[in-house]
Amino acid sequence: MSARAVTEATFEQEVLNNDKPVIVDFWAEWCGPCRAVSPILDQIATEHADKIDIVKLNVDEHPSLAMKYQITAIPAFKVFKGGEVVQSFVGAKPKPALEADLAAYIS
């Protein structure tokens with residue numbers, strides 16, 4: 001399982017109404033660090049599919065959601081639990097650092 005794309009039409013169902021914690025990767029096609037972190041997120045999504053969902057939201061295609069969640073730099077990550085943002089962090093990181101950031105949800 002890899003990180004899947006969400007849109008404004010699917011965000012509520014896939015993220016806000018999800019029973020599991022959801023990590024939303026706010027990204028854009030032109031963003032080099034976003035592309036670098038994408039395979040790492042796919043690995044984490046596969047390895048921890050029973051505990052979390054990881055989704056990607058293209059900020060160029062869905063600017064209203066990027067604005068709603070105050071995305072000012074990408075890649076940006078927000079962890080949603082019970083429809084609320086419970087954690088945020090910004091920037092591409094190596095897998096161990098991302099796993100450390102997400103330890104509360106994947107351990």
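**Close-up views of the predicted model**

**View 1. Surroundings of phenylalanine 11.** Leaving aside neighbours within four places in sequence, phenylalanine 11 is in contact with Val6, Leu16, Val24, Leu57, Leu65, Tyr69 and Phe80. The model shown here and in the other views is predicted. Phe11 also belongs to one aromatic cluster together with Phe26, Tyr69 and Phe80.

**View 2. The largest nonpolar core.** This core has 20 residues, of which Phe11, Val24, Phe26, Ile71 and Ile74 touch the most other members. Two or more residues are given to this core by each of the elements α1 (11-16), β2, β3 (53-58), α3 and β4. Strand β2 supplies the largest share, 4 residues.

**View 3. The aromatic pair of phenylalanine 26 and tyrosine 69.** The count of aromatic pairs in the model comes to 5. Phenylalanine 26 lies in strand β2 (residues 22-27), whereas tyrosine 69 lies in the loop between α3 (63-68) and β4 (76-81), so the pair ties together parts that are 43 residues apart in sequence. Phenylalanine 26 has a relative accessible area of 0% and is buried. Tyrosine 69, with a relative accessible area of 12%, is buried as well.

**View 4. The stacked pair of phenylalanine 77 and phenylalanine 89.** These two rings form an aromatic pair with 5.1 Å from centre to centre and 25° between the planes, an arrangement described as stacked. Phenylalanine 77 is in strand β4 and phenylalanine 89 in strand β5 (residues 84-90); the pair thus links distant parts of the chain, 12 residues apart. Both phenylalanine 77 and phenylalanine 89 are buried.

**View 5. Lysine 56 and the ring of tryptophan 27.** The charged end of lysine 56 sits over the ring of tryptophan 27. Its distance from the ring centre is 4.9 Å.

**View 6. The disulfide of cysteine 31 and cysteine 34.** The model has a count of 1 disulfide. This disulfide is formed by cysteine 31 and cysteine 34, whose sulfur atoms are 2.3 Å apart. The torsion about the S-S bond is about 80°, so the disulfide is right-handed. Cysteine 31 and cysteine 34 are both buried.

Key. Residues numbered from 1 in each chain as written. Predicted model: local features only at pLDDT ≥ 70, side-chain atom pairs only at ≥ 80, totals over all residues. Heavy atoms only, no water. Phe/Tyr/Trp six-rings, centres within 6.5 Å; stacked < 30°, edge-to-face > 60°. Buried < 20%, exposed > 50% of the residue type's maximum accessible area, 1.4 Å probe, protein only. Lys NZ or Arg CZ within 6 Å of the ring centre and 35° of its normal. Core = buried A, V, L, I, M, F, W, Y, C linked by side-chain atoms within 4.5 Å. Contact = heavy atoms within 4.5 Å. Disulfide = S-S within 2.5 Å.
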